Amino acid sequence: MEELELVRGLRERREEVVAIFLERYRSLFYHCISHFEPDASSRDDLYQDVILYVLHRLDADSFDPEKGSLGTWLYRVAWCRCVDQKRKQSSQRSPRLTTVGENIPEKVDHCPTPGEQAGEEEIGSLVRRGMASLDEQERALLEMRFVDGCTMHEIAERLEISLEQTKYRLKRASTSLRRVLLNELALEEAG
Amino acid sequence: MKPERSQKADFLPLTGPDPTDASPIMQEKAPRRFEDPREALEALLQWDELEREELAALEQHPQHAERLQQLRAVQGWMDQRLATPRPGIGPCPSPEELYDYGRGVGANPLSAERRAELELHVHRCTACEHAIEVLATRPPAVVISPREASLPLSAPLRALPPRPSPIEELDEGSATRHDAPAPRSFWRPALSLAAGLLGGLALWTLVADEGTPRLPQTPQLRGSQSGALLFPRGLLLANREALGAAALPLRIELAPLEGGDAMRAERWRVELLRHAGGAFDAGLRVAEYQSSQHEILIEDALGVGHYTARAYATIAGLERECGAQDFEVRHDPQLLAELEGTQAGNELDRTRLKIRLLHERGYLTDARELARTLPPDEDRNRYLSSDGLGPARGR
């Protein structure tokens, strides 16, 4: 089926065209979404959201076949949507403080509840304990990344190593941390 | 019948492994049950890389489910730290701009100024850095499914089935001819004589040219050069003053873009990225050069290492990427010694021999630069008019 015919069919929401569209571009969406959402169940939610958003954008006539293929346009739209959604999630979890009485919230409050905050603090202390058990190099690397919030480039520059080396070492340090945490959990279970 | 944003659509979920990796063998593989503690430990350590079925098995495991939950909570905590913007780095750019900066498929060009601003931000923002990293892997090709095959297609290109070539049956006489010695052909001595004459002629030409060393012929390997950036590429000598000619500059050579006046570049910009030489190494930008000419001379000495030069042309106010070249600045003491030991009758012949040596060892950029110091003649012009990888570009 030609791209333009496909687009027309999607705008009309013809069932068989939507099915062909999902089948044809599934791997493209999967490729994009799986990078942003490692968790399988959250990935499905993001997929639903991206598809609805793509259809919404098609309805708004924002696809121009003269500027490129449908696949290229879809990938761009899906990627931008994923970035947007991740940013939204992040801002909901770290809200800005406002003065009492200045703004009365009209929407659902996404801020973590006191219970959630306590849970996060508990996980934070678990991570810090785990990091303390790692060797010095791995601990320093994880602290730079997750405590100081350094980017890969900044870590690479600080350690005077390549970006690829930085990624490799971070991956290795994260695995070591998981190993330590699993050991702690096993000890707790045994105790 | 447009779906409302609040409606929950029923699109098939993204089940199973990456569809681009799907193969009959993978589909038949039964998910592990993690009864072996060592296997379970390995799976827990790499839980975010497990396939859906295996992850589900871990989630339902009486012993490992809680451990997995803890590890997920820890990962969530860590991801949250990365997703929270650091104070002082300013607001994140729009996803569209970030996509163009990361050169996603079908990205639009950005101005040099904006690109520099975004670079500053991305190098300090973990969330944007991660998003850009996603673009480093190209999306898979779109697959047309068998479902679509049932739709009417255009007429097949080949109307008739392939016809096997005819098999000639041998009669008794021809079959026995294989066993008998072949009769001496009249043409064989004549062809041998012609080959000998040609060989002699070639040898004579070689001996006659021995006196004046000629510049090497560049190979005509079509299809490997599509961008406008021609040089530098390949190897570059770190110690360029050893070439004999005083202070040879490093010349960035760009080919005029095809398409006539409509494609005339108002300005060229070349970024120089330094990296470790790996295939997936993005590199750090170490320099940027701009010019309205399609040749840019660099006086800076580059340190030993691997580089990528990436060129951009501004056409009608819009910047577009037009090719990249990898090159390596190398300290090569053996070659330097050979260059210094070059002996010939006069200075020009010595330079020609040096050019040949550099060219043979892959130092094409240095060889060209040295060739420019020769007085203009047919040999020199022919050498310089060819870019070494394709047909002459008429410079």
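Colleague: What does the secondary structure of chain B come to?

Modeller: Chain B has 14 helices and 8 strands. This is a predicted model.

Colleague: And what share of the residues in chain B is buried?

Modeller: Of its 395 residues, 21% are buried.

Colleague: Contacts in chain B with a separation of 6 or more: what percentage is between residues 24 or more positions apart?

Modeller: That percentage is 63%.

Colleague: Let's move to helix 12 and helix 13 of chain B. At what angle do their axes cross?

Modeller: Roughly 160 degrees, and the axes come within 8 Å. Helix 12 of chain B covers residues 347-360, and helix 13 of chain B covers residues 364-371.

Colleague: So are they roughly parallel or roughly antiparallel?

Modeller: Angles over 145 degrees count as roughly antiparallel, so helix 12 and helix 13 of chain B are roughly antiparallel to each other.

Colleague: Left-handed or right-handed crossing?

Modeller: Helix 12 of chain B passes helix 13 of chain B in a left-handed crossing.

Colleague: Which residues meet there?

Modeller: From helix 12 of chain B, B:Thr351, B:Lys354, B:Ile355, B:Leu358 and B:His359. They meet B:Leu364, B:Asp366, B:Ala367, B:Leu370 and B:Ala371 of helix 13 of chain B. By class, that contact has 6 nonpolar, 2 polar and 2 charged residues.

Colleague: Which residues in helix 8 of chain A are buried?

Modeller: Among them are A:Leu163, A:Thr166, A:Ala173, A:Arg178 and A:Leu182.

Note on methods. Residues are numbered from 1 along each chain as its sequence is written. Chains are lettered from A and ligands numbered from 1 in the order in which they are written. This is a predicted model: local features need pLDDT of at least 70, side-chain atom pairs count only at pLDDT 80 or more; totals for chains, interfaces and linings use all residues. Axes are lines fitted to C-alpha atoms, for helices over the stretch in contact, and angles run from 0 to 180 degrees between N-to-C directions. Helices (H or I, at least four residues) and strands (E, at least two) are DSSP runs, numbered from the N terminus. Angles under 35 degrees count as roughly parallel, over 145 as roughly antiparallel, 65 to 115 as roughly perpendicular and the rest as oblique. A crossing is left-handed if the near helix is turned anticlockwise from the far one by less than a right angle, and right-handed if clockwise. Two residues are in contact if their C-beta atoms, placed from the backbone, lie within 7 Å. Ala, Val, Leu, Ile, Met, Phe, Trp, Tyr, Cys and Pro count as nonpolar, Asp, Glu, Lys and Arg as charged, and the others, Gly among them, as polar. A residue is buried if 20 or more other C-beta atoms lie within 10 Å of its own, exposed if 12 or fewer, and partly exposed in between; C-beta atoms are placed from the backbone.
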